[in-house]
Amino acid sequence: MTHDSSYQPRDFKLVGTRVPRPDGLDKVTGRARYGADMSAPGQLVGLILRSPHAHAEIRKIDASRAEKLPGVKAVITSADLPDLVDGRRDMLDILENCMARGRALYDGHAVAAVAAIDAETAKQALKLIKVDYRKLPHVTDVDEAMADDAPIIQPWVRTPGGDANKQTNVAQVSEFGHGDVDAGFAEADLVIERSYKTEQTHQGYIEPHACLASVGPDGQGELWVTTQGHYTFRNQCAQLLGMDIAKLKVTSSEIGGGFGGKTHVWMEPVALALSRKANRPVKLVLTRDEVFRATGPTCSTSIDVKIGVKRDGRITGALAVLRYQDGAFPGIWGMLGGMTAWACYDLPNVKSIAYDVLVNRPKVAAYRAPSAPMAAFAVESTVDVVAEAIGMDPVDFRLMNAAQEGTRASYGPTYGPIGIRPTLEAVKHHPQRKIKLGPNQGRGMACGFWFNFGGQTCSTVNIGVDGTVNVSVGTVDVGGARASLSLIAAEELGVPYEDVKCTIADTAALGHNDTTEGSRGTFSSGMAIIFACRNAIDVLKARAAKMWEIPADEVEWRDGQALAVGVKHDNLKPLTLAEIARKSPNTGGPIAGHNEGVADGAGVSFASHICDVEVDPETGATKILRYAVIQDAGKAIHPDYVEGQFQGAAAQGIGWALNEEYIYGKDGRLQNPGFLDYRIPVCSDLPFIDTQILEIPNPGHPYGIRGVGETSIVPPLAAIGNAVSAAVGVRLNHVPMSPPRILKAIKAQRRAEAAELDQASAG
Amino acid sequence: MRYEAPTSTRDAVTLLTKARGKGLVLAGGSDLLVRMKGGFAEPELIVDIKRIPAMQAIKKTASGFRIGAAASCAEMGEHAALRKAWPGVVEAANLIGSDQIQSRCTVVGNLCNASPAADAVPALMAAGAKAVLVGPKARRTVAVENIPAGPGKTTLKPGEVIEAITLPLPKGRTGDAYLRFTPRTEMDIAVCSAAVCLTLGRGGVVEKARVVLGAVAPTVVLVPQAARAIVGSKLDDDALAALARACEAACAPIDDKRGTIEFRTEVAGVLAKRAARIAYQRAGGK
Amino acid sequence: MTVKGVHVSTTINGDTVEFVCQPGEVLLDVLRNRVGLIGAKEGCGTGDCGACSVTLDGRLVCACLVLGAEADGRAITTVEGMAEGERLHPLQSKFIEHAALQCGICTPGFLVAAKVLLDRNPNPSVEEIRYALAGNLCRCTGYDKIVRAVQAAAKDLARDATRTAKKKPAKKTKSSGKKAA
């Protein structure tokens with residue numbers, strides 16, 4: 001049955017309330033089970049041997065001594081993971097990332113794995129595997145990797161549209177925009193160009209990747225895993241191991257953070273291959289060191305921005321050239337940077353040219369609004385520079401050029417109703433803007449955009465004979481979704497929130513669900529649940545009709561009850577859901593509703609942030625004094641968890657802006673693969689993060705929902721850069737704005753000022 | 001691997017001396033267990049010293065304080081008399097790691113780990129602390145500055161352990177302070193650090209001073225030139241500037257993941273100035 | 001392997017527990033793999049994230065930086081020991097009520113650390129809360145709602161204490177703040 005997915009204004013009874021989450025008790029008592037918290041009888045411990053080299057030919061792997069060690073039950077190399085991908089290059093890349101095939105492409109690349117009876121034995125076994133490496137030249141910097149003489153990461157890569165015979169690290173060039181930027185710049189009163197660099201960061205989820213894999217010689221298997229998408233993991237594992245999709249059951253554990261880093265498989269196929277070879281369950285849990293060296297990160301970038309503007313503040317031309325490194329395998333990350341760069345603005349002439357570049361670093365994965373924060377750092381920093389140059393308030397300047405309904409977005413589509421202007425208006429009137437700043441303090445603001453995503457979704461609603469409701473969804477609950485989805489089901493059916501139990505179903509229980517990414521969880525599963533509930537209501541109405549012995553089309557559903565409509569039924573007392581459910585064994589059996597489909601109509605989302613900082617001019621240390629997030633949520637189903645998404649995203653952006661970075665040595669090895677030296681913000685680093693939820697309904701969702709999870713990681717880099725600039729008069733073009741970088745910039749500025757003074761007094 | 005938890009210093013020394021392979025002392029474990037986890041230490045024997053009474057307590061003695069090698073930094077923070085006498089030492093000890101680490105880490109462990117970035121060591125050195133060493137044959141007492149020999153290296157002899165740290169009673173108008181720079185407010189290793197201990201004479205003039213820098217050389221370093229820059233002054237701006245210059249001149253840091261040569265050198269001087277001001281106030285100067 | 005195990009007799013959440021562990025095995029692995037208490041999590045294994053926070057003789061520690069062998073004769077508490085039967089500790093209730101958890105992996109560590117803080121300092125300032133919890137990393141919340149939940153729990157506990165005090169003379173509570181910023 002098709003349902004109307006367009007937005008219908010309504011007065012909500014439950015949606016929008018702050019109910020306790022259903023998984024709360026398990027999580028405060030230590031009972032909730034995450035990736036590493038499941039065990040199976042007879043399980044083995046799996047461990048992975050990783051390359052210590054940034055780039056090396058693997059000439060030979062001798063595992064014979066490891067295999068002979070008592071207690072070792074399986075040793076595998078890439079030979080145990082043959083190419084079964086049927087020519088799919090993206091899947092072959094994933095396979096090669098799971099286990100190096102002839103060449104180690106980055107420090108931490110897996111080269112072999114063992115399964116043994118305990119951790120000590122497995123550790124001993126790893127030491128006994130002898131790998132004969134021949135070191136190759138490496139490159140880890142994105143600009144250096146684009147040079148003609150750079151070491152080649154993937155020999156098969158050619159630049160599309162380029163020389164078909166020339167090996168290159170530029171795997172993709174993408175262009176977006178409209179109008180004529182050269183004409184735009186010619187028309188401008190002022191043209192400003194700036195260049196920026198951002199370092200590589202990691203999602204930094206506290207839970208390392210972990211799984212428990214079990215495969216038998218009959219080709220049937222089970223996988224318990226921490227993942228953002230167990231259906232995707234199932235499909236990928238099945239393909240890589242040559243299994244039937246239906247015979248591999250994947251259960252998503254509670255997930256201890258993902259932020260994009262748990263959207264495709266890493267070591268799960270390795271665990272399954274070990275289990276298959278040993279014919280015993282294998283538990284494989286990565287260490288923090290492995291997580292940093294070999295999973296996740298987002299790109300480092302190098303970006304040039306050029307803006308032309310009229311004296312009155314109109315932007316006439318905008319150009320961004322973006323170079324993103326994707327690690328050792330091609331991705332779409334530069335392309336996404338190019339698409340998002342100018343999305344906040346209504347521009348007559350705009351262009352982005354984006355390069356996806358390979359380097360000897362781990363395969364890049366999505367990280368919360370992937371690629372947008374770096375592009376926004378470059379664009380939103382330059383926007384402030386331009387506003388200052390023409391003497392305009394940065395908020396007014398943005399308002400003058402902001403996109404709105406009907407604007408043709410720089411990446412193609414024409415916007416429907418959107419929230420960029422309302423967030424900017426909210427910034428303009430925000431109380432934080434009225435607080436007086438002290439010495440060495442500064443205030444900055446910036447905007448951010450994210451597309452949001454819908455995708456394949458499948459949900460079931462089952463009504464028990466006591467009138468309570470089971471909701472089964474296939475999107476992983478990454479941060480309170482079960483509460484939001486239960487609210488939606490309760491609202492739709494008209495039952496109390498407490499009567500709904502939402503479960504993340506395993507892959508055997510529902511049809512395919514796309515990964516929980518792109519802020520799609522509540523949007524898409526919310527939509528599927530609404531439709532599944534409406535299907536269940538049709539059944540409920542039919543059963544009521546049967547109980548009353550009247551035609552089904554004379555029954556209506558309102559506030560959780562069946563009503564008999566029409567004058568002749570005046571004497572019939574409404575039937576509640578529970579009353580109908582109680583009779584269901586005799587009126588046709590279980591009552592259920594189901595929905596499957598593709599959730600289209602995800603609404604784009606915008607945020608504007610305000611940040612106050614204080615910079616110590618003698619040390620370059622930056623303290624965040626105040627921080628405010630204003631974001632459009634479409635409709636906040638559970639405001640607590642919407643605020644939580646805003647705050648968490650802002651905190652990740654703050655960490656990125658100030659201290660987080662991958663530091664590679666000259667040898668191409670990662671220097672800081674741990675939480676001590678990869679400095680994510682601690683509790684005492686941050687202030688309370690003020691939030692303001694705007695609700696501009698998304699026309700493509702029955703409740704008006706937009707995704708909320710990602711957008712607010714986009715503005716902080718530039719908001720903080722703009723605040724630092726206001727505080728101490730130096731513009732940081734390199735993220736993170738760590739104390740050494742800020743101090744260096746301050747000292748350079750002082751020297752320049754002194755030189756200028758000298759010259760003035762001399763002249 | 002073996003684990004032993006002796007109840008006397010003598011037994012600990014005997015165990016370490018007779019170990020078949022590498023024997024290592026476990027105090028708080030916040031360095032050792034991290035090294036073991038990373039595969040950087042694979043001892044044959046671990047000697048847990050926390051059950052040795054002589055190493056457990058923090059005691060006020062006639063001549064000052066005796067801090068047992070197994071006493072945690074948290075316990076130092078809870079010792080009111082120690083806090084009052086040597087606030088800089090206690091602050092330095094309490095800066096190491098989180099509350100979780102504080103419950104376990106010890107200043108002796110900090111000293112024996114011999115990192116140039118050790119937080120407790122500069123403050124101990126500035127305060128004139130001594131280490132009581134017990135070896136297979138003899139006991140000896142050594143100034144703290146003579147223990148570190150280089151990154152991860154000490155001057156301890158085979159089988160020798162540190163039983164305690166002693167601190168004198170502060171003489172007259174004495175104040176100490178320790179400051180470090182870290183990018184985060186907590187959970188970081190010092191990028192550079194400075195400890196200052198000074199004694200005031202008549203009219204608030206600095207009579208004696210000890211200035212120590214951390215994370216700017218292969219070991220924590222005592223900088224006599226920096227002390228000389230402020231002795232005889234009332235810590236006026238010129239004296240502070242001279243102090244900063246002397247500190248910068250004493251720096252021989254490295255570029256690494258935690259900081260640059262330029263940054264460490266510059267900020268060491270800044271921290272020394274700030275620490276000197278605090279120490280001066282604590283000594284009763286105005 | 002040929003390593004001889006260490007026999008340990010200890011108290012966990014008030015119960016006597018005996019186990020045999022390897023000499024180099026950390027308490028976290030013992031709790032999770034031998035005792036069956038999975039509340040403490042391994043986020044780093046190096047004392048940098050606090051997800052494995054437990055108490056050892058009343059002091060807050062990272063279970064990843066304690067050897068199982070060290071536990072002999074000592075008392076350990078974990079998140080599993082916080083609730084009294086059906087009654088949650090106010091910190092646990094307030095964490096749910098204030099949405100102080102998203103993914104929840106850091107939650108057990110935060111609860112144990114926050115309890116140690118409130119036991120020592122029943123009325124902490126925001127700054128004291130933030131510094132006391134600085135050893136516990138959270139990547140989801142930005143800490144905002146966690147700090148608020150701890151404040152709310154402190155208020156709750158103070159109200160309970162006043163009620164109890166009205167019934168009988170109150171015991172004096174010791175308070176010792178850690179470092180100032």
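The model is predicted: local features need pLDDT of at least 70, side-chain atom pairs count only at pLDDT 80 or more, and totals for chains, interfaces and linings use all residues. Residues are numbered from 1 along each chain as its sequence is written, with chains lettered from A and ligands numbered from 1 in written order.

Start with chain B. Its C-alpha atoms fill a box of roughly 60 × 45 × 35 Å along the principal axes. Buried residues, those with 20 or more other C-beta atoms (placed from the backbone) within 10 Å of their own, make up 60% of its 286 residues.

Next, the contact between chains C and B. Residues are in contact if their C-beta atoms, placed from the backbone, lie within 7 Å. Chain C gives 29 residues and chain B gives 27. By class, the chain C side has 16 nonpolar, eight polar and five charged residues. Here Ala, Val, Leu, Ile, Met, Phe, Trp, Tyr, Cys and Pro count as nonpolar, Asp, Glu, Lys and Arg as charged, and the others, Gly among them, as polar.

Helix α19 (residues 739-762) of chain A packs against helix α12 (residues 261-282) of chain B at about 75 degrees, with axes 10 Å apart. Axes are lines fitted to C-alpha atoms over the stretch in contact, and angles run from 0 to 180 degrees between N-to-C directions. A:P739, A:P740, A:L743 and A:K744 touch B:E262, B:F263 and B:E266.

Methods
Helices (H or I, at least four residues) and strands (E, at least two) are DSSP runs, numbered from the N terminus. Two residues are in contact if their C-beta atoms, placed from the backbone, lie within 7 Å. A residue is buried if 20 or more other C-beta atoms lie within 10 Å of its own, exposed if 12 or fewer, and partly exposed in between; C-beta atoms are placed from the backbone.
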